[in-house]
Amino acid sequence: MDDATDDTNDGAPATITPEHDALLLDVMLGRLATYLRVCGYDALYALDEGIEHDDAVRERAVADGRRLITRDRDLAAATPGSVLLTARDVVDQLRELRAAGVELTPTERPTRCGTCNGQLESAEDDGFRPEYAPETGLVWRCVDCGQYFWKGSHWDDLTEAIERL
Ligand SMILES: [Zn+2]
């Protein structure tokens, strides 16, 4: 526990961090999920899980102990601890999250699969490097879907957008 970052006496919103909060992103928020994974969040996207209806989304958030992020006012009201967004643009949504107390700091290295939210592990011991990966630099592999990741231009674009907020 870090009391220095959790000062509840000044009226500021509670701090939401990758260490303490798993997230569930409602439908239409798939791009936002990618940005949150760059920040180290366990950020599940509802459509990736095959859940779409409000009741199913709410039940999954409660069952998993995940904080729901949604643009649906009724669903937010019915789901304890949820964060309601109003913006359509992903950068504006990130600003809304930050204003709601969601810590947004890109991690030093990729930790979550941008495709399926699985955890990444070093692929250095594989002895295999996909031919489409750069010739140098670290490579990681998703333990769930097997996709390879490295800090390429896509990673740079995502982290720069977050740092510019
Ligand atoms: Zn994956």
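**Close-up views of a predicted model**

**View 1. Helix 1 and its buried residues.** Leu32, Ala33, Thr34, Tyr35, Leu36, Arg37 and Val38 of helix 1 are buried. The model is predicted. Helix 1 is thus shown as a mostly covered element, with 7 of its 9 residues buried. The partners against which these buried residues pack are strand 1, strand 2, helix 4 and helix 5. After helix 1 comes Gly40, with a positive phi near 90°.

**View 2. The contact of helix 1 with helix 5.** Helix 1 spans residues 30–38 and helix 5 spans residues 153–163; the two pack at an angle of about 85°, and their axes are 10 Å apart. Angles of 65 to 115 degrees count as roughly perpendicular, and helix 1 and helix 5 are therefore roughly perpendicular to each other. On the side of helix 1 the contact is made by Thr34, Tyr35 and Val38, which meet Leu158, Thr159 and Ile162 of helix 5. By residue type, this contact of helix 1 with helix 5 has 4 nonpolar residues, 2 polar ones and no charged ones.

**View 3. The largest nonpolar core.** This core has 27 residues, and Leu23, Leu24, Leu25, Ala33, Leu36, Ala43 and Ile69 are those with the most contacts inside it. At least two of its residues come from each of strand 1 (23–25), helix 1, strand 2 (43–45), helix 2 (54–64), strand 3 (67–70) and helix 4 (90–99). Helix 1 supplies the largest share, 5 residues.

View 4. Apart from neighbours within four places in sequence, Ala43 is in contact with Leu23, Leu25, Ala33, Leu36, Arg37 and Asn117.

**View 5. Asn117 in a loop.** Asn117 lies in the loop between helix 4 and strand 5 (120–122). Its phi is positive, about 80°, although Asn117 is not a glycine. A residue is buried if 20 or more other C-beta atoms lie within 10 Å of its own; Asn117 has 24 such neighbours and therefore counts as buried. Asn117 is also one of the contacts of Ala43.

View 6. Met28 is placed in the loop between strand 1 and helix 1. Phi of Met28 is positive, near 80°, in a residue other than glycine. Met28 has 15 C-beta neighbours inside 10 Å and so counts as partly exposed.

**View 7. Ala56 in helix 2.** Ala56 belongs to helix 2. It has 13 C-beta neighbours inside 10 Å, so Ala56 counts as partly exposed. Ala56 and Ala46 are separated by 10 residues in sequence, and their C-alpha atoms are 9.2 Å apart.

**View 8. The whole chain, for orientation.** The protein chain contains 5 helices and 7 strands, arranged from the N terminus as β-α-β-α-β-α-β-α-β-β-β-α. Its radius of gyration is 17 Å, close to the 15 Å given by the globule rule for 165 residues, so the chain is as compact as a globular protein of that length. Along the principal axes, the C-alpha atoms fill a box of roughly 50 × 35 × 30 Å. Of the 165 residues, 31% count as buried. For contacts between residues at least 6 apart in sequence, 49% join residues at least 24 apart.

Key: Residues are numbered from 1 along each chain as its sequence is written. This is a predicted model: local features need pLDDT of at least 70, side-chain atom pairs count only at pLDDT 80 or more; totals for chains, interfaces and linings use all residues. Axes are lines fitted to C-alpha atoms, for helices over the stretch in contact, and angles run from 0 to 180 degrees between N-to-C directions. Helices (H or I, at least four residues) and strands (E, at least two) are DSSP runs, numbered from the N terminus. Angles under 35 degrees count as roughly parallel, over 145 as roughly antiparallel, 65 to 115 as roughly perpendicular and the rest as oblique. Two residues are in contact if their C-beta atoms, placed from the backbone, lie within 7 Å. Ala, Val, Leu, Ile, Met, Phe, Trp, Tyr, Cys and Pro count as nonpolar, Asp, Glu, Lys and Arg as charged, and the others, Gly among them, as polar. A nonpolar core is a set of buried Ala, Val, Leu, Ile, Met, Phe, Trp, Tyr and Cys residues joined through C-beta atoms within 7 Å. A residue is buried if 20 or more other C-beta atoms lie within 10 Å of its own, exposed if 12 or fewer, and partly exposed in between; C-beta atoms are placed from the backbone. The radius of gyration is taken over C-alpha atoms; the globule rule is 2.2 Å times the number of residues to the power 0.38.
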